Amino acid sequence: MSDPGRREVISARNVWAGYGNDPVLEDVSFSAYEGDFIGLIGPNGGGKTTLLRVLLGLLPPQRGEVLVAGKPPEEGRQAIGYVPQAIEFDRDVPISVRDVARMGRLGKRRLLQPYTAADDAIVAEALRQVELYDMRDRPIGDLSIGQRQRAYIARALATRPEILLLDEPTSSVDPQASVGVYDLLRQLNDDGVTVLLVTHDIGVISSHVKTVGCLNRQLHYHGTRDLSADMLEQAYPCPVELLAHGVPHRVFPTHQDNGQEEEG
Amino acid sequence: MIDALPGALGYAFMRHALAAGVLVSVASGIIGTIVVVKRMVFISGGIAHAAYGGIGLGYYAKYSLLPLILAGGLATGDQRPGSWPLLGAMLFSLLAAVVMGVIQRRTQQRADTIIGVLWAIGMAVGILLIDLSEGYTADLMSYLFGSILAVERSELLLILGLDVAIVVLVVLLYKELLAITFDETFATVENVPVDAIYIVLLCLIALTVVVMMRIVGLIMVIAMLTMPAAIAGQYARDMKRMMVASIILGMTFTIVGLWLSYAWNVTSGASIILVSGVAYLASLAVGSLRS
């Protein structure tokens with residue numbers, strides 16, 4: 001599990017977190033190393049978003065310790081490019097794609113300090129990487145969900161992150177666009193960016209990431225490529241089809257209940 | 001009717017009224033845009049109504065406390081409340097802005113209930129303090145329905161000062177304001193002091209609604225704050241342009257409303273709101289025809 005050859009960029013030790021008396025994360029421990037490409041899968045309500053909020057310093061853990069780039073999350077998140085889920089009812093805000101991407105430079109500029117030409121160059125490059133440069137002056141509300149997702153990725157890239165953190169990067173994107181998103185992530189990962197994504201979409205994840213884990217309140221992550229049957233069974237109480245390279249190579253026994261619920 | 005306007009401009013009170021309308025439109029266009037885009041209409045209403053408590057406090061201070069402090073006689077010569085109610089309203093609305101903002105930030109749920117309660121308490125305090133005040137309180141209605149025709153020179157300077165403050169702050173904090181308007185979570189991750197900027201924004205709303213109260217009155221403040229921005233929002237593709245368009249629309253509605261009120265001898269605040277309202281409905285109709 002430990003990998004002394006590479007730098008540890010995320011470390012969670014016995015983390016319990018949640019809202020009120022009901023912990024959503026129970027005793028979660030894992031490490032992410034520089035250059036990792038980790039996909040965590042789990043059912044909705046299994047704590048995926050909660051884990052991201054803890055890593056981003058938005059939700060203090062009830063117990064345990066989290067380090068991001070060797071620092072507490074509130075400081076360490078400077079190294080993170082965060083890509084939230086793009087949802088259908090995003091606000092109809094009069095703001096251009098470029099202005100959205102430029103928010104990635106906020107953390108590098110203090111209050112009262114305007115964006116610089118260097119910021120604009122970084123933003124332009126990020127928009128080119130996600131192939132939205134030609135749409136930079138369009139209002140964000142005019143974009144399709146897939147394009148909006150790429151705009152959020154551009155915003156994360158504009159932070160020049162060491163770590164990319166993605167929440168359901170392809171949940172409301174059509175399959176073709178989702179392949180495009182993963183190709184881009186793969187390319188960024190090849191360039192040295194550590195990628196950690198969470199999703200409930202097993203099919204698309206396992207053919208693209210380097211290592212996988214299952215999160216359903218507890219985390220089963222061993223830094224390996226393969227999902228073991230017991231990992232999945234612990235994470236999923238419902239039927240699961242596991243696909244690798246587009247071909248189903250394991251199918252787990254079908255149970256009757258299909259108790260997935262929507263997550264807020 | 002059309003030639004009534006040049007004639008009307010011969011009066012100082014009309015020139016003051018026009019200047020007040022134009023100046024207030026700057027503040028309300030900028031702040032109204034943020035209120036509409038960030039969906040803060042309810043909390044703005046709360047701040048405006050809580051400010052009424054401050055008006056009561058202003059009256060009470062002027063007519064009951066001040067004579068007491070000055071041992072009678074000295075202050076009673078001047079029957080007019082002067083700028084006391086306005087200062088009281090500013091104090092109260094700033095207080096309401098901070099309290100409501102902190103409550104909204106700290107509590108996960110029911111923030112709208114608490115804001116609604118403070119809204120009512122503010123008004124009740126205002127009414128009681130006015131009841132307790134001695135002397136002349138007849139122009140109280142002017143705070144409910146506005147009295148743009150009674151704006152004095154000192155108040156014009158006050159509004160101008162507010163405009164300058166708002167423009168400077170919004171320009172300086174524009175990138176942060178845009179960020180918290182669009183995505184507070186991301187802004188937090190980028191270590192923007194989201195809560196502090198939100199409270200500053202609420203204070204700007206507080207000061208804006210107080211001066212607007214002078215123009216269209218407490219009851220119609222929210223309408224004047226939101227309608228120009230709501231019209232501009234249907235067409236504007238970025239927030240800066242939406243602000244400029246809201247300012248221009250606000251000025252136009254104020255001037256047209258003022259002119260109608262002069263020509264027909266009707267309440268100015270109501271005619272300004274009616275002009276805005278008709279324009280807003282027309283813009284909705286045009287919008288639905290286009291799509």
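**Reading the model together**

Tutor: Gladly! Keep in mind that this is a predicted model. Let's begin with burial: 45% of the 264 residues of chain A count as buried.

Student: What helices and strands does chain A have?

Tutor: Chain A has eight helices and 11 strands. To see how the chain folds back on itself, look at its contacts with a separation of 6 or more: residues 24 or more positions apart account for 66% of them.

Student: How should I read a sheet?

Tutor: Here is the general idea: strands of a sheet pair through backbone hydrogen bonds, in either a parallel or an antiparallel way. In chain A, you can find an open sheet of three strands in the order β2-β1-β4, with antiparallel pairing. Because β2 (22-33) and β4 (63-68) of chain A stand at the edges with a single partner strand each, one side of each has no neighbour in the sheet. On average, neighbouring strands here are turned by 20° against each other, direction ignored.

Student: How many bridges join β1 and β4 of chain A?

Tutor: Five bridges, in the antiparallel sense, pair β1 (residues 8-19) with β4(A). For one facing pair, find Arg13(A), which stands opposite Glu65(A) in β4(A).

Student: Now a helix, please. Is α1 of chain A mostly covered or uncovered?

Tutor: Mostly covered: eight of the eight residues of α1 (residues 48-55) in chain A are buried. Among them are Leu51(A) and Leu52(A), but also Lys48(A) and Arg53(A). Just after this helix, Gly57(A) takes a positive phi of about 75°.

Student: And what is a nonpolar core about?

Tutor: In soluble globular proteins, nonpolar side chains tend to be buried together. In this model the largest nonpolar core has 162 residues, and Leu165(A), Ile47(B), Ala51(B), Val209(B) and Val221(B) touch the most other members. Helix α10 (residues 194-216) of chain B gives the largest share of this core, 14 residues. Leaving out residues up to four places away in sequence, Val209(B) touches several residues, including Ile47(B), Ala51(B) and Val221(B).

Student: Where do the two chains meet, and how many residues are in contact?

Tutor: In the contact between the chains, 19 residues of chain A meet 22 residues of chain B. On the chain A side, β5 (80-83) and α3 (97-102) each supply at least two residues. That side of chain A divides into 15 nonpolar, two polar and two charged residues.

Key: Residues numbered from 1 in each chain as written. Chains lettered and ligands numbered in written order. Predicted model: local features only at pLDDT ≥ 70, side-chain atom pairs only at ≥ 80, totals over all residues. Helix = DSSP H or I, 4+ residues; strand = E, 2+ residues; numbered from the N terminus. Buried ≥ 20, exposed ≤ 12 C-beta atoms within 10 Å, placed from the backbone. Contact = placed C-beta atoms within 7 Å. Core = buried A, V, L, I, M, F, W, Y, C linked by C-beta atoms within 7 Å. Nonpolar A, V, L, I, M, F, W, Y, C, P; charged D, E, K, R; others polar. Pairing = 2+ DSSP bridges. Axes fitted to C-alpha atoms, helices over the stretch in contact; angles between N-to-C directions.
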